[in-house]
Amino acid sequence: MTAAGAAGPAHVEESSLVEIDDLKVHFPIKSGLLFDRTVGHVYAVDGVSLRIKRGETYGLVGESGCGKSTLGRGLLRLVEPTSGGITFDGTDVRSLKGEQMRLFRRRIQMVFQDPMSSLDPRQSVESLLVEGLKAHGLHKDKAEVQKRLKSTLDSVGLPASALHKYPHEFSGGQRQRIGIARALVLGPELIVADEPVSALDVSIQAQVVNLLGDLQDSLGLTYLVIAHDLAVVRHISDTIGVMYLGSLVEEADGDQLYERPLHPYTRALLSAVPIPDPQVEDRRERILLAGDLPSPADPPSGCRFRTRCPWSRSRCTEERPELRVFDNSGQRVACHFAEEILSGELTMHEVRAELVRPDADRAPDVGAELIQTRTDLPAP
Ligand SMILES: Nc1ncnc2c1ncn2[C@@H]1O[C@H](COP(=O)(O)OP(=O)(O)OP(=O)(O)O)[C@@H](O)[C@H]1O
């Protein structure tokens with residue numbers, strides 16, 4: 001039985017387009033004059049299991065360096081996984097070779113963060129779009145190609161005249177539309193969007209997010225959206241996975257994760273997202289994470305998060321928590337003490353939580369206060 005199969009969310013029984021099982025991507029660290037000695041490894045992805053249902057958006061969040069992009073690239077085998085299983089629509093991706101691999105790549109396309117650096121400035125939009133078709137031998141019928149290019153541009157809200165222009169002639173948002181068109185032109189089933197809106201102005205982000213939603217509805221696409229920003233992922237994701245130092249620490253339906261974050265890392269991430277309602281914003285708890293993200297070349301023993309966790313106990317040093325089903329809601333969490341933390345039974349130790357109390361009788365700058373110990377932590 002697979003790891004996720006053993007302890008997977010309710011949606012495992014539904015049709016999964018992507019199944020990732022205990023995936024590991026370890027990059028060797030080389031040394032010596034000829035860089036021929038392996039002196040260690042960067043554990044970029046270190047045992048991730050997840051399912052992406054056909055037609056859904058799976059949002060993967062976590063701080064920079066936690067392994068999100070490597071997971072996305074490993075799925076396409078743009079980096080070769082060290083171990084683990086990847087199944088796409090029932091096909092074992094890791095066993096594909098040559099022509100089979102080429103055909104598979106057409107079914108999954110990537111959209112990158114910075115359209116300016118992912119689009120060659122010397123190529124016209126037409127040439128950028130035809131490039132993918134050429135790689136798959138789909139460029140021979142010129143009339144058919146023109147029809148395809150124009151309808152693809154139309155689907156991303158760009159006029160046919162854009163074909164003869166160059167990337168620098170477009171705004172950031174339009175360039176990202178070209179990046180999306182380039183992914184769409186091959187008719188993929190899954191799009192891996194790596195920080196698709198992070199390089200854009202906030203006012204433009206919503207337009208691109210809406211476009212992705214419209215395309216999903218009209219074309220039945222499945223998305224893996226990678227982002228460091230929970231606010232972006234919340235609006236588009238059916239399921240959200242939270243990554244920390246190469247591992248998935250929590251997974252839940254979008255609303256569930258916001259209503260009842262279980263993992264201390266998710267709680268800390270959510271406590272940093274601004275809430276538009278000033279009354280709620282004033283009352284809520286903020287958890288400040290102590291210290292920096294440890295190096296993925298030298299991860300802590302046991303729970304990877306324990307060095308920054310205000311609730312960690314000795315068991316966390318000794319035993320790495322499995323991603324397990326929390327209750328019959330399907331929410332999964334990798335924390336030994338999720339139940340005790342949620343109920344308030346477990347005391348934070350050496351807490352560094354920034355708290356604004358609802359009944360504060362102090363000046364409004366109380367947010368800066370650091371409290372030492374708090375036992376009655378409410379669910380955020
Ligand atoms: N080709 C590589 N060789 C060696 N180390 C790598 C390679 N690619 C990524 N890494 C390392 O793997 C870790 C995870 O990187 P990754 O880019 O997947 O993280 P991320 O969460 O996507 O962060 P970001 O949002 O900054 O891209 C980082 O420590 C990174 O330096």
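How many residues does helix α8 have, and how far does α8 reach from its first C-alpha to its last? Select residues 202–219 and take a look: α8 has 18 residues and reaches 26 Å from its first C-alpha to its last, close to the 26 Å expected at 1.5 Å a residue. The expected span is 1.5 Å times one less than the number of residues in the helix.

Before moving on, some ground rules. What you have open is a predicted model: local features need pLDDT of at least 70, side-chain atom pairs count only at pLDDT 80 or more, and totals for chains, interfaces and linings use all residues. Residues are numbered from 1 along each chain as its sequence is written. Helices (H or I, at least four residues) and strands (E, at least two) are DSSP runs, numbered from the N terminus.

**Around α8**

Stay on α8 and pick out Gln205, Val208 and Leu212, the buried residues of this helix. A residue counts as buried if 20 or more other C-beta atoms lie within 10 Å of its own, exposed if 12 or fewer, and partly exposed in between, with C-beta atoms placed from the backbone. Turn the view to look down the axis of α8: its buried residues fall within an arc of 70°, so they line one face of the helix. That arc is taken from the directions from the helix axis to the C-beta atoms.

Now colour Ser203, Asn210, Asp217 and Ser218; these exposed residues sit on the face of α8 turned away from its buried side. What do the buried residues of α8 pack against? Show α7 (172–184), β8 (222–227) and α9 (230–236), and you have the answer. Contact here means that the C-beta atoms of two residues, placed from the backbone, lie within 7 Å. Just after α8, click on Gly220, which takes a positive phi of about 65°.

**On to β8**

Select 222–227 next. Six of the six residues of β8 are buried. Thr222, Leu224 and Ile226 are on one side, Tyr223, Val225 and Ala227 are on the other, and both faces are covered.

Which strands pair with β8? Asp194 has Ile226 as its bridge partner in β8. Two strands pair if DSSP finds at least two bridges between them.

Zoom in on Leu224. Leaving out residues up to four places away in sequence, Leu224 touches Ile52, Tyr58, Leu60, Gly72, Leu190 and Val192. Leu224 also belongs to the largest nonpolar core, which has 87 residues; Ala181, Leu224 and Val242 have the most contacts inside this core. The largest share of the core, seven residues, comes from β2. A nonpolar core is a set of buried Ala, Val, Leu, Ile, Met, Phe, Trp, Tyr and Cys residues joined through C-beta atoms within 7 Å.

**The open sheet**

Follow β2 to the next stop, an open sheet of four strands in the order β2-β1-β4-β5, with antiparallel pairing. β2 (37–53) and β5 (91–92) stand at the edges with a single partner strand each, so one side of each is left without a neighbour in the sheet. Strand β4 (residues 83–88) pairs with β5 over two bridges, and Phe88 stands opposite Thr91 in β5.

**Two contrasting residues**

Is His164 buried or exposed? Find His164 in the loop between α6 (142–155) and α7. His164 counts as exposed because it has 11 C-beta neighbours inside 10 Å. His164 touches Ser124 and Glu126, not counting residues up to four places away in sequence.

For the last selection, take residues 264–271, helix α11. Seven of the eight residues of α11 are buried, so this helix is largely enclosed by the rest of the structure. Arg267, in α11, is buried, with 24 other C-beta atoms within 10 Å.

Finally, zoom out to the whole protein: 14 helices and 15 strands, with 40% of its 380 residues counted as buried.
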